[in-house]
Amino acid sequence: MTADAGAEARARIASLGERVRLVGVRVRQPSLCGAVLRDLAAVLPSGSGSKHALKRVVDADDGTGHKIVLLAPRYQKLEDLPEHERHYVEQLLVPQLPRPVEKDRKKDIKKTGKKQDKEKEVQKKEEAAEQKQPEAAGHPKLQPLADVVEHWTTLDHTCFTAEQILRKLLPPEIKEIPSSFEAVGTIAHVNLKDEQLPYRHLIGEAILAKNKQLKTVVNKLGTIDAKFRTFAMDVIAGENNFITDTSEGQCTFRMNYAEVYWNSRLQTEHARLVALFKPSDIICDVFAGIGPFALPAAKRGCTVYANDLNPRSYYYLCENAKLNKVARNVKAFNMDGRDFVRHVLNTGVKAHHFLMNLPASAVEFLDVFREFLPPSEHGEADLLPVRVHCYTFSKAASPSQDALEQVHKLIPEPAMHDVLVTDVRDVSPHKRMLCVSFGLHLLVPGTATPVADADKKRKHVLADDAASKRQKVAE
């Protein structure tokens, strides 16, 4: 992004101004403003039904010292107010004696005895004063506490939402206003359409102007890389800095957003799956990324073997384990997914769960488990029971059935048990993300010896016996 493009966009936003008519309640006793604000809270600017961020109280410009409590722009006359608020304002318009100011009231309370009796005594005093009010409407001491007035003000860009700013500045042919985004720490990620690209700097600056916690706005270019799940991005507003921290649940994740995969929309799914784990469970996260499943599981007390092929994801996985003080529960790996599964199973890790969150291709990696499936006649007593959670995409009319069929192409249906398909989220109008969870019984070292290994072991034994006999003959 060029500096000139950003400056021009910010200047256009700053030049916004709109003269609007508001209705206000002019309060004759400034000390009553607090009570009026409380009773009219639902109809004030930035409250229910309001689109503008306006001041709620302004000074009357007639030199009287009165205060004007402004109503939200949608209420253009008294009759527009809800019944409760309208009735309250109507009571303020009735001529009556001035109410005691808050300072005098506090003095009266202070002069009384116990704290519980103070309010009652002062309240009786006020009620008695009200009963003694002259009935003649023209009595000089009687006056309304407030009246309804018209107030004109100019709204600048700070009074509008990002969507309202863009509706005012974008040409009318741009029907869809791109004001929504994914927030990752201090970075906002948008996916702009082709017709919106010429106005990308204006869109980015509008998002920054209304979200002070953000420092950078990026637009996704192209598709997600199949190998490392990263994507090219264009900075359309703010700093050219992709390092950020974001929080999810009880964990903090540090990353270079341009180098790793992160999806804030999966927060609910992360929490759902981690909630299934027991503190004593051993978890193997095959495509761990920077740890959105692994670190919460480790915080839960689980032992986690976490792997990712991307060297930068591996780096931030290790950093985040330290950052969240769970490094002793996390064993990190940087290798191919199939090699990782083989490694943990062949080294005697008694895993309880395997997580495979790579929806675009995780199903293809299920073939590695076939290497550890026992012969059909083998019993279950000496096998390792594991549960696999494999994520996938589906564009089929019946996504759940399609997801199951994808898994069955790699894992024989008879080998699976306790199958559960979870619909995770809507990726696009005709594409869904799902999680297929199922149990397997695996034949691994430390449970029983596979046939091939048994043959090797028998050969080694025979060889040792032959060597022993030769040694005896030589002696």
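## Basis and confidence

The model is predicted, so local features are given at a pLDDT of at least 70 and side-chain atom pairs at pLDDT 80 or more, whereas totals for chains, interfaces and linings use all residues. Residues are numbered from 1 along each chain as its sequence is written, and side-chain values use heavy atoms, with hydrogens and water left out.

The chain averages a pLDDT of 84, and 81% of the residues score at least 70, pLDDT being the predictor's confidence in each residue on a scale from 0 to 100. Over residues 47-52 the pLDDT is below 50, yet this stretch has 18 contacts in the model beyond near neighbours in sequence, a contact meaning heavy atoms within 4.5 Å.

## The seven-stranded sheet

Helices (H or I, at least four residues) and strands (E, at least two) are DSSP runs numbered from the N terminus, and two strands pair if DSSP finds at least two bridges between them. Seven strands form an open sheet with mixed pairing in the order β13-β12-β11-β14-β15-β17-β16. Because β13 and β16 each have a single partner strand, they stand at the edges, and one side of each is left without a neighbour in the sheet. Neighbouring strands of this sheet are turned by 15° against each other on average, direction ignored; axes are lines fitted to C-alpha atoms, for helices over the stretch in contact, and angles run from 0 to 180 degrees between N-to-C directions.

Strand β12 (residues 303-307) pairs with β13 in the parallel sense over four bridges, with V304 opposite V330 of β13. Together with α10, these strands make a right-handed β-α-β unit, in which, with the strands pointing away from the viewer, the path from the first strand over the helix to the second runs clockwise. Strands β11 (residues 282-285) and β14 (residues 353-356) are also parallel, with three bridges, and I283 has H353 in β14 as its bridge partner.

## Helices and their packing

Helix α11 (residues 337-346) lies across β11, β12, β13, β14, β15 and β17, running at about 150° to β12. Helix α13 lies across β15, β16 and β17, at about 45° to β17.

In α13 (residues 399-408), P399, A403, L404, Q406 and V407 are buried, that is, under 20% relative accessible area, where exposed is over 50% and partly exposed lies in between (1.4 Å probe, protein chains only). These residues are on the same side of α13 because they cover an arc of only 155° around the axis, the arc being that of the directions from the helix axis to the C-beta atoms. The buried residues of α13 pack against β15 (384-394), β16 and β17 (431-442). In helix α6 (residues 162-169), A162, Q164, I165, L166 and L169 are buried, and the buried residues of α6 pack against α1 (3-14) and α7 (200-210).

## Positive phi angles

Most residues other than glycine have a negative phi. K325, although not a glycine, has a positive phi of about 60°; K325 lies in the loop between α10 (311-323) and β13 (330-333) and is exposed, with a relative accessible area of 73%. D418, also not a glycine, has a positive phi of about 50°. D418 is found in strand β16 (residues 417-428) and counts as exposed at 56% relative accessibility.
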